Amino acid sequence: FIGFPDFLVYRATGVDKRSMCSAVCKWNYFPDGIGWDQDYLKAVGLLDLEENNFAKLGGTPVSLGTKVGGLSRISSVELGLIEGTPVSSSIIDAHAGGIG
């Protein structure tokens, strides 16, 4: 499972990481040390998502602004940017407007 903001980061870098923002706002992740809500996953019949440290959900999300990787060669050519340009974790549109 991957949301669109995190897919864009993956597409740009080839690195499969999920942002804390997407995990908390769009999935069932609690950032205060609880993590993925296993009770909820069990209740809806999706407890298999916990396999391999929740790899199907992207593992442990990274904080906003965390460098996920560098712009891949393919993406740099497509975008006309320099390969290796830092790419940070994503933020959903509803929250991005509050930065700055």
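Student: In which helix does Y10 lie, and why is Y10 called partly exposed?

Tutor: Y10 lies in helix α1 (residues 4-13); helices are DSSP runs of H or I with at least four residues, strands are E runs of at least two, and both are numbered from the N terminus. Buried means under 20% relative accessible area, exposed over 50%, and partly exposed in between (1.4 Å probe, protein chains only). Y10 has 36% relative accessibility and therefore counts as partly exposed.

Student: On what kind of model do these values rest?

Tutor: The model is predicted: local features need pLDDT of at least 70 and side-chain atom pairs pLDDT 80 or more, while totals for chains, interfaces and linings use all residues. Residues are numbered from 1 along each chain as its sequence is written, and side-chain values use heavy atoms, without hydrogens and water.

Student: Why does S22 count as buried?

Tutor: S22, in helix α2 (residues 20-26), counts as buried because its relative accessibility is 3%. Leaving aside neighbours within four places in sequence, S22 is in contact (heavy atoms within 4.5 Å) with P5, D6, W27, S90 and I92.

Student: Which residues of α1 are buried, and why are they said to line one face of the helix?

Tutor: They are D6, V9, A12 and T13. Seen down the axis of α1, these buried residues fall within an arc of 125°, so they line one face; the arc is that of the directions from the helix axis to the C-beta atoms. They pack against α2, β3 (67-70), α5 (73-79) and β4 (86-88).
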